[in-house]
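Q: Please take a close look at a single helix in this model. Where does it run, what is buried along it, and what covers those residues?

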Amino acid sequence: MPKHYDLYQLEDMSGGDKEFMQTVVETFLTEIPPDLQSMNMAIDNDNHRMAYQFAHKMKPNLEMFGIDLIREISAMERWADTSKPTSVIRPQLDTINKMVSDAIEEMRKDWKM
């Protein structure tokens, strides 16, 4: 059983179709790492709007895999509407990076990708 992600919603959505699930996992593993990298770059460059766009884009995928980052992603979205410095959002960004990286590593191992 996975520790860093959960398949409940994906299994429910797919009706247990393993081939479909594998396709969704492959898509997640293809799209999320560059989105996460782009969000980090946006924050490094103090680009609030771009950080918001990538956080918002990743949110449904993270939720589908039970990666509980709703508080951190919501904080990122709220921060993007301010002129606060990047130091304010760094703790949430660190949590997002760690949890998503752990989930990706575990998915790649579990799904042999």
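A: Contact here means heavy atoms within 4.5 Å. The model is predicted, and the part examined is helix 3, residues 48–64.

Length comes first. At 1.5 Å a residue, the 17 residues of helix 3 should span 24 Å, and the end C-alpha atoms are 25 Å apart, so the two values agree. Helix 3 has a kink of about 30° at Met58, shortly before the proline Pro60. Just after the helix, Gly66 takes a positive phi of about 65°.

The buried residues of helix 3 are His48, Ala51, Phe54, Ala55, Met58, Lys59, Leu62 and Met64.

Leaving aside neighbours within four places in sequence, Lys59 is in contact with Ile70, Ile73 and Glu77.

The 21 residues of helix 5 should span 30 Å at 1.5 Å a residue, and the end C-alpha atoms are 30 Å apart, which agrees. Buried in helix 5 are Leu93, Ile96, Val100, Asp102, Ala103, Ile104, Glu106 and Met107. What covers them includes helix 2, helix 3 and helix 4. Just after helix 5, Lys112 takes a positive phi of about 50°.

Note on methods:
Residues numbered from 1 in each chain as written. Predicted model: local features only at pLDDT ≥ 70, side-chain atom pairs only at ≥ 80, totals over all residues. Heavy atoms only, no water. Helix = DSSP H or I, 4+ residues; strand = E, 2+ residues; numbered from the N terminus. Expected span 1.5 Å × (residues − 1). Bend = angle between axes of the 7 residues up to and from the residue. Buried < 20%, exposed > 50% of the residue type's maximum accessible area, 1.4 Å probe, protein only.
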